[in-house]
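Here's a quick briefing to read alongside the model.

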Amino acid sequence: MAGSTRFGGITLALENPQFRLYTLGSLPSLLGTWIQRLAVAWLAWKLTQSHAWVGAVAMADMLPVVFLAPFAGAFADRLDRLKVARFLQIGSMSQAIVLTALAFANLIGIEILLVLAFIQGTLQALLQPFRHAIVANLVDRDELPGAIAVNSIGWHASRFIGPALAGVIIDRLGIGAAFAINATTYPLFVYALYRLSIAHQPGAKRSLREIPREILDAARYIAGHRIIGPVIAIIFVNSFIGRAVMELLPGFAGEIFDGESGVLAILVSSTGFGAVIGGLWFGLSAKRDRLMPFVVGGTLMLALGHFSLAAANRIEVAMASLAVMGLGLTIAGIAIQTIVQSEVDEVLRGRVMSVYGVMWIGSPGLGALIMGAMSDVTGIQWPVLGAAVLLISFWTWVWRRERRGLSSATRPGG
């Protein structure tokens, strides 16, 4: 346990063989996901030269979670979580294969790309509450902060490495090759899911008519919880405003820097780099008694990064701004997910985490569509500046709330 103490919750979580298998299986898939995401965003920009279309494709990928995740969360509390996750991952692999085939056949227009993005978004919306619940079921309570940090580091490391690889792949081999590489990353994760076992057992069979009531029960639980309710509100604003800007980076690269896919890869990777640093920072400090300082500090970093990005006319400034944004968004996000996963009643875990997914994954799509439409009229920098003003105003509310006692959200088990 000395190593665990020295390196914090990260090592503690990875000493769990079940969680270690899950992590090693998921990493190639995460890398492929970010390669495909950058390729899809860049293809949308090249096909249309429109911020609004880029935002629409992002929304098609993200918005299904708003409508489907609450229902998926109800099923995550009543079905075999691993069986459903396996099925949905196989579905995502099939979508990637179709996307690859159409790209190599040169048959993708913006409408087809929009539909395929929607299909992928639908599959991920259904998967999200199952995936979050599985992670919590794989580890003990004291391992949970480190497990969430490891998941975030893996996600954001892929966000750092994947776009950099995608820029090279697209330049050298073309869009189709980027899609093909993503399709080859799924089998290992599917295999890992078949090797796992978790303690969670499906709930007693209940009528499907009860699902609306179960979703409403979760909403009431969140709204009435003195900690979960406020932090869910924070993740919504950070995502709706902060992450939305990151979905419009293809247009930023093209409009501000007259760049190709390589410039976009640099910008997206800068966000990922900051996020990896944030994940490591949190993971190595996950045993702290108070988690709200991460939320407050991360929200402030996100706002300041937006101000800097709005004024950026050099790529170095944009890279630094995006790194700060990635760092702030990540440490706030991991802290919030740790608080929610630690506080939530196991009976409601799937449904509550589905709401978290709506805020984290779904809201940036709508934000990107709105900001993309504005950017077509004003240029990209004015909406980014507006986002910065809104975020700094929201940070003031978060800071005051923390001062009044929300900081009583202690570390898990505290």
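The lining of the largest pocket has eight nonpolar, three polar and no charged residues (Ala, Val, Leu, Ile, Met, Phe, Trp, Tyr, Cys and Pro count as nonpolar, Asp, Glu, Lys and Arg as charged, and the others, Gly among them, as polar). Keep in mind that this is a predicted model, where local features need pLDDT of at least 70, side-chain atom pairs count only at pLDDT 80 or more, and totals for chains, interfaces and linings use all residues. Residues are numbered from 1 along each chain as its sequence is written, and side-chain values use heavy atoms, with hydrogens and water left out.

**Confidence**
- Mean pLDDT (the predictor's confidence in each residue, from 0 to 100) is 81 for the chain, with 89% of residues at 70 or more.
- Helix α1 (residues 2-14) has the lowest mean among the elements, 58, while helix α8 (residues 175-183) has the highest, 93; helices here are DSSP runs of H or I, at least four residues, numbered from the N terminus.

**Salt bridges**
- There are three salt bridges, each a side-chain nitrogen of Lys or Arg within 4 Å of a carboxyl oxygen of Asp or Glu.
- R37 pairs with D61 at 3.6 Å, N to O, and this links distant parts of the chain, with R37 in helix α2 and D61 in helix α3 (residues 51-62), 24 residues apart.
- R213 and D217 come to 2.8 Å between their closest N and O atoms; they sit four residues apart in helix α10 (residues 211-224), so about one helical turn separates them.
- R314 and E316 make a salt bridge at 3.5 Å, N to O.

Conventions: Helices (H or I, at least four residues) and strands (E, at least two) are DSSP runs, numbered from the N terminus.
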